[in-house]
Amino acid sequence: MTDARTTFDALRARTDTIADAELDAFWATLPPATLEQMIGEWRGGEFVTGHKMNGLLEKARWYGKTFKSITDVQPLVCLDDDGNKFSNVKLGKGEASLWTEEFRGEMVATMVYDGQPTHDHFKRVDDDTVLGIMNGKAGVLDNGRYFYFFLERD
């Protein structure tokens, strides 16, 4: 996993636009996350790829995700004006749950939103870091492009 961590740290530190193909190649090297590995509180961030969603989560003051259990997930934990965390159910159109789904030929832990056709797929960088790909219908996909993000255990 050392190589994965080194690659992740280098990608996270970049300030230029990262090509989707570069993140896809990194994704292909990682092992799938399991449902059990996702349980807990996570702080999130995004990779700047030029996707139409880049910057939108920051504007919403997105903090991360909380996986209380497989059936109880807060997908959009944000910060209020006082810096307190809350589940933004309005933005997320509800909460979410965890499933194992096939994505790119592998069975991976996937967070499925309750109120919208959006699925976040996860692969492990290490025990405390996952790479995520947001997948869904037209509102998420950007001319067939996925949104790439990461979560680090809080």
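**Figure 1. The largest nonpolar core of the predicted model.** The largest nonpolar core has 22 residues; such a core is a set of buried Ala, Val, Leu, Ile, Met, Phe, Trp, Tyr and Cys residues joined through side-chain atoms within 4.5 Å. Buried means under 20% relative accessible area, exposed over 50%, and partly exposed in between (1.4 Å probe, protein chains only). The residues with the most contacts inside this core are Met38, Phe67, Met111, Phe122 and Leu151. At least two of its residues come from each of α3 (35-38), β2 (62-69), β3 (72-79), β5 (96-103), β6 (106-113), β8 (129-136) and β9 (147-153). Helices (H or I, at least four residues) and strands (E, at least two) are DSSP runs, numbered from the N terminus. Another core, of 16 residues, lies apart from it and includes Phe8, Leu11, Trp27 and Tyr148. The model is predicted, with local features needing pLDDT of at least 70 and side-chain atom pairs counting only at pLDDT 80 or more, whereas totals for chains, interfaces and linings use all residues. Residues are numbered from 1 along each chain as its sequence is written, and side-chain values use heavy atoms, with hydrogens and water left out.

Figure 2. The volume of the second largest pocket is about 190 Å³. On a 1 Å grid over the protein atoms alone, a pocket is an open set of points where a 1.4 Å probe fits, with protein on both sides within 12 Å along at least five of seven lines; lining residues have an atom within 4 Å of a point. A volume is the space filled by probe spheres set on the points, which are joined across faces, edges and corners. Gly44, Gly45, Glu46, Val48, Leu57, Glu58, Arg61 and Trp62 line this pocket. Strand β1 (40-46) and helix α4 (56-59) each supply at least two lining residues, and the largest share, 3 residues, comes from β1. The lining divides into 3 nonpolar, 2 polar and 3 charged residues.

**Figure 3. Aspartate 81 and its contact with arginine 61.** Aspartate 81 is found in the loop between β3 and β4 (85-87) and counts as exposed because its relative accessibility is 73%. Its side chain is joined to that of arginine 61 by a polar contact of 2.9 Å. A polar contact is a pair of N or O atoms within 3.5 Å; within protein, one must be able to donate a hydrogen and the other to accept it, and residues adjacent in sequence count only if both atoms are side-chain atoms.

**Figure 4. The salt bridge between glutamate 152 and arginine 12.** A salt bridge is a side-chain nitrogen of Lys or Arg within 4 Å of a carboxyl oxygen of Asp or Glu, and the count by this rule comes to 16. In the bridge between glutamate 152 and arginine 12, the closest N and O atoms are 2.5 Å apart. Glutamate 152 belongs to strand β9 and arginine 12 to helix α1 (residues 2-13), 140 residues apart. Glutamate 152 is buried, at 18% relative accessible area, whereas arginine 12 is partly exposed, at 41%.

**Figure 5. The salt bridge between glutamate 106 and lysine 123.** The closest N and O atoms of glutamate 106 and lysine 123 are 2.6 Å apart. Glutamate 106 lies in strand β6 and lysine 123 in strand β7 (residues 118-126), 17 residues apart. Lysine 123 counts as buried at 0% relative accessibility.

Notes
Nonpolar A, V, L, I, M, F, W, Y, C, P; charged D, E, K, R; others polar.
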